[in-house]
Amino acid sequence: MPWTRRGGKAGDSPPSRNLRQQSQTPYHRRPTAALIIILLFVPVFLLLATISPASPAQKFKLWSGLHSGQDKETQSQDGNEYLIGVGKADITGPCVEINLMGYADPHQIGTGLRQRLYSRAFIVADPTNAADRFVYLVLDTQSGDTAVRYGILSGLSEFGSEYENYGHHNLAVTGTHSHSGPGAWLNYLLPQITSKGFDQQSYRAIVDGALLSIRRAHESLAPGHLSVGSTKVVGANINRSLFAYLANTEEERTRYNTSSEDDGSVEKDLTMLKFQRASDGKNIGVLTWFPTHGTSVLGNNTLISGDNKGVAAYLFEKSVISDDTAAEGFVAGFSQANVGDTSPNVLGAWCEDGSGEMCNFENSTCGDGRSQKCHARGPLFTVNDEGTSSCFEIGKRQFEPAKKLYDHLNEAPNPIRGSWVKSFHTFHNMSNHQFQLPNGTEVRTCPAALGYSFAAGTSDGPGAFDFTQHGSNSTNTSPVWRVVGGMLKEPTEEQIACHAPKPILLDVGEVSSPYQWTPNVVDVQVFRVGQLVIIVSPGEATTMAGRRWKNAVGDEITSLFAEEAQSATPIVVLGGPANSYTHYITTEEEYGIQRYEGASTLYGPHTLAAYINVTLSWIPYLGSSASSRPPRGPEPPDNSNRSLSFIPQVIRDSPPFFKQFGEVKQDVEDVYQIGAPVTAKFVGANPRNNLRLERSYAVVEKVVTPSASSAVPGSEASGEELRKERTRGDGEGQWKVVRDDSDWHLVFRWHRTSELLGTSEVDITWETADPWAEPGRYRFRYFGDAKSLAGTITEFEGVSGAFELVDPNR
């Protein structure tokens, strides 16, 4: 039975099908309140401290097939022309002394930096109508966020009239779902608990970097063409909740079971949108969608990175530096898709108890009946490096087929056709949305709540105590947890019935003290350019949930717009988690199993159906001649200036007696073979004193002859913003920067040596297993910033001794 758009009970009426003919008509913290919060929420804090919310030859497929009767003569071989622009900027927040966002472990505190984080912006605009455009952001963060989005919109409004066409309706803020970035920037209280609240420095780094990436994309806008294609990605994801996935009907699952390598339990398709400038035919960027969790780097890691999506983007951008088809400043965005039940730990979940057994299929427990020893394994899990090697490999497995697809699209483009660039966004209250299912049944959603299996975590990051995935409830867990949940709010009988069969652990959606714990108001957003349709999801849709959502939207687009000139079969992708973070979105069948994903589906068993229902309500606003927008809806709160924070500030830095900042404490050796790690230790200062955005804490310099200084391997990206300190001369010759904070294999670590004295040390390590490492003479340079007791911050530098890197095979 087909989906129908929502009825009168749901609120605002949808636009009519003839829409194409219509025209557009300080809160301050209170110390006493903070103390009360600490006392009341300690039990919940202890509970959440145990929880993880983590959650060969390629065959190419190009979509084609214009509707019969379309005049192909009127279309360029390259498709329609649009205004296109891309931009990239640094969003790396505090890399030390801040809780990492993703695994919800309060003990996972940052100690350094492996890879800087970025915002990558992609703008598509109609050259004949300045108002018709959209900007899609890919942030190296756990998710999009309400406060971050408000901050970006506020910043855009301050840019002046040139940016007046950007707003709620056409800004998508998506996260790659990395679990290795600094936290303390989210809008709602629940994710703030393990980070000790909200940190303005962490928040502003994301907002300001996102704004800079949009500005760069906007300033680069130029006529160009778009092409789209897809390819299979093998070995980069599996379904971590297969028991729940199998609850979906066999008939539905069979539709997606195409081979032994692609059994349908996860999506293997990577979709790419390629941006090509018209003036010189050069590509300025690619935007891809593929689902795999940002949990390759494990929960015991304390170094900041973009996880496997960050690796894929890094490898792609590096690969086109000398590619004649790519413009300088090329940007590669690797966006998430229906990621909810996927895992990059492709060897499956195993019991780390010496048994050699895989975890229980139904509830991910081991022989002791608990989940704590059940851990998923990445492809290189035997390397004892917190998942770093597996992360690089999973990123590489996304990059390699993406690069082949890019090359293929250069040779045989599949153009985006259709002159329209459309978008809509609305806020919708999910706490009590009443609507009809396709079979006519009246249903409703519920105020947000989390179930017992939420506390069990996943095999990517297991929880603690006696919680398990599937089957956890108040009868088989300690009665303490019912007391803890009741201290927050005891759910009413109506709420219990609404969420059934979910046993409610935390009734977070009905608590607003001191401010909201989770969102009840969600973002509903879709973009359309030509035949490409982008669903912007605020939650982590599971594999099958994403398929149902995409299919419903594709069918509605086809039904409504089949008569449009240049109409083609819609290509529908889903990106997220975006704009806010609404945890998970499962099918009703998966919800009934109540593993982690079902227990984390906030608005009850009809959550997915509600998202589909509301989305379809506003699809007419994507018509080629649409000129109006849906009502904005009930706006969620912006808590960025009222959130609690118990994060200590930096008091002061001091060098040890008889030492200076930047002085080398442990120098490099004279000679290393390629493949060996090279480390130097410096007298340091707290990196939180200066995030050094668009710059670096650490670089590797190579001595070069003046004639070769412009062609050093590994330093070809002369346009990269981070590499500011390009060349220096001394008695040995010219020193040129060849590695910096953006490089995966250059690692910056910081640690306090004395809280009382304010002393600290910095280790800089170059892992010369780096695929681009070459023989030569090198040294490290450290850039730091020291804070005095009076609050003055002073920059300083330190330089290691020189070392030779030699090829052991020569």
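Predicted model: local features only at pLDDT ≥ 70, side-chain atom pairs only at ≥ 80, totals over all residues.
Local features need pLDDT of at least 70 and side-chain atom pairs count only at pLDDT 80 or more, while totals for chains, interfaces and linings use all residues. Residues are numbered from 1 along each chain as its sequence is written, and side-chain values use heavy atoms, with hydrogens and water left out.

## Salt bridges

The structure holds 44 salt bridges, each being a side-chain nitrogen of Lys or Arg within 4 Å of a carboxyl oxygen of Asp or Glu.

| Glu510 | Lys489 | 3.4 Å |

Helices (H or I, at least four residues) and strands (E, at least two) are DSSP runs, numbered from the N terminus. The salt bridge of Glu510 and Lys489 links distant parts of the chain, 21 residues apart: Glu510 is in the loop between β24 (504-506) and β25 (521-529), and Lys489 is in the loop between α9 (479-488) and α10 (493-499). For accessibility, buried means under 20% relative accessible area, exposed over 50%, and partly exposed in between (1.4 Å probe, protein chains only). Glu510 is partly exposed at 31%, and Lys489 is partly exposed at 23%.

Glu589 has a relative accessible area of 28% and is partly exposed; Arg548, at 21%, counts as partly exposed.

Arg695 is partly exposed, with a relative accessible area of 23%. Elsewhere, a network of salt bridges links Lys88, Arg120, Asp140 and Glu317.

## A four-strand sheet

Four strands form an open sheet of mixed pairing, in the order β18-β25-β26-β28. Two strands pair if DSSP finds at least two bridges between them. The edge strands, β18 (421-429) and β28 (571-575), each pair on one side only. From one strand to the next, the twist averages 15°. Within the sheet, β25 and strand β26 (residues 532-536) are antiparallel and share five bridges. Gln525 has Val536 in β26 as its bridge partner.

Helix α11 packs on the sheet and touches β25, β26 and β28, where contact means heavy atoms within 4.5 Å. The direction of α11 makes about 140° with that of β28; axes are lines fitted to C-alpha atoms, for helices over the stretch in contact, and angles run from 0 to 180 degrees between N-to-C directions.

## Aromatic rings

Rings of Phe, Tyr and Trp (its six-membered ring) pair if their centres lie within 6.5 Å; planes under 30 degrees apart count as stacked, over 60 as edge-to-face and the rest as tilted. The count by this rule is 28 aromatic pairs. Tyr672 and Phe803 have ring centres 5.6 Å apart and planes at 85°, so the pair is edge-to-face. Tyr672 is in strand β31 (residues 671-673) and Phe803 in strand β40 (residues 803-806), so the pair ties together parts 131 residues apart in sequence. Tyr672 is buried at 10% relative accessibility, and Phe803 is buried at 0%.
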